[in-house]
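Hi,

Here is the structure I promised to pass on. Have a look at it first, and then read on for what turned up.

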Amino acid sequence: MGIIKLKNIRTFSYHGCMIEEGKIGSDYTVDLKIKTNLQQSAETDDLTDTVDYVHLNKIVTEEMAIRSHLLEHVAKRINNRILAEIQSVEKTTVWVSKINPPIGGDVESVTIKMTEIRK
């Protein structure tokens, strides 16, 4: 088994429970870690034998573009879509961070982490 990580995927999205968040938007970062078998691609040096991180990034950016009230909801959609579209992925973990959240304090970001395992 092996791990592929995508760090600090930056998006501008419209998530949040407040009406203003849906209109104004905010900066977000997403980190993604997937577990898959990398042995064949390590031997063949062929992109078709591995998980293409361009595909992973596309899933993240497309799901982040769909408004959700909760970060948990968008994180679950990202994980579920990865498992549905990429059969070789055994486990996926996503961290979704809202930068400078409107919570009435000096907070750099708020992050949720969710993991899904292929059943």
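The protein has four helices and four strands, where helices (H or I, at least four residues) and strands (E, at least two) are DSSP runs, numbered from the N terminus. Starting at the N terminus, the order is β-α-β-α-α-α-β-β. Before you go further: this is a predicted model, in which local features need pLDDT of at least 70 and side-chain atom pairs count only at pLDDT 80 or more, while totals for chains, interfaces and linings use all residues. Residues are numbered from 1 along each chain as its sequence is written, and side-chain values use heavy atoms, with hydrogens and water left out.

Now the overall picture. Along the principal axes, the C-alpha atoms fill a box of roughly 50 × 25 × 20 Å. Of the 119 residues, 38% are buried (buried means under 20% relative accessible area, exposed over 50%, and partly exposed in between, with a 1.4 Å probe and protein chains only). If you take contacts (heavy atoms within 4.5 Å) between residues at least 6 apart in sequence, 61% of them join residues at least 24 apart. The protein exposes about 7200 Å², and carbon and sulfur atoms supply 52% of that; accessible areas come from the Shrake-Rupley method with a 1.4 Å probe, and for residues only the protein chains shown count as cover.

On to the charges. There are 16 positive and 17 negative ones, and their mean positions are 5 Å apart. Lys and Arg count as positive and Asp and Glu as negative, with His and the chain ends not counted; the place of a charge is NZ of Lys, CZ of Arg, CG of Asp or CD of Glu.

The structure holds seven salt bridges, meaning a side-chain nitrogen of Lys or Arg within 4 Å of a carboxyl oxygen of Asp or Glu. One of them pairs Lys98 with Glu21, with the closest N and O atoms 2.4 Å apart. Lys98 sits in strand β3 and Glu21 in helix α1 (residues 19–24), so this pair ties together parts that are 77 residues apart in sequence. Both Lys98 and Glu21 are buried.

The Arg81 side chain meets Glu62 in a salt bridge at 2.5 Å, N to O. Arg81 belongs to helix α4 (residues 71–85) and Glu62 to helix α3 (residues 53–64), so the two tie together parts 19 residues apart in sequence. Arg81 is buried at 17% relative accessibility, whereas Glu62 is partly exposed at 31%. Arg81 also meets Glu63 in a salt bridge, at 3.1 Å, N to O. Glu63 is buried. These residues belong to a network of salt bridges that links Lys58, Glu62, Glu63, Arg77, Arg81 and Glu85.

On the surface, Lys5, Lys7, Lys33, Lys35, Lys91 and Lys113 gather in a patch of positive charge. Patches are made of residues with over 30% relative accessible area and no salt bridge, joining like charges within 9 Å and nonpolar side chains (Val, Leu, Ile, Met, Phe, Trp, Tyr) within 5 Å. Strands β1 (2–13) and β2 (26–36) each supply at least two residues of the positive patch. Lys35, for one, lies in β2 and is partly exposed at 33%.

Most residues other than glycine have a negative phi. Asn8, in strand β1, has a positive phi near 60° and is partly exposed at 37% relative accessibility. Asn100, in the loop between β3 (89–99) and β4 (109–117), has a positive phi near 50° and is exposed, at 54%.

Cheers
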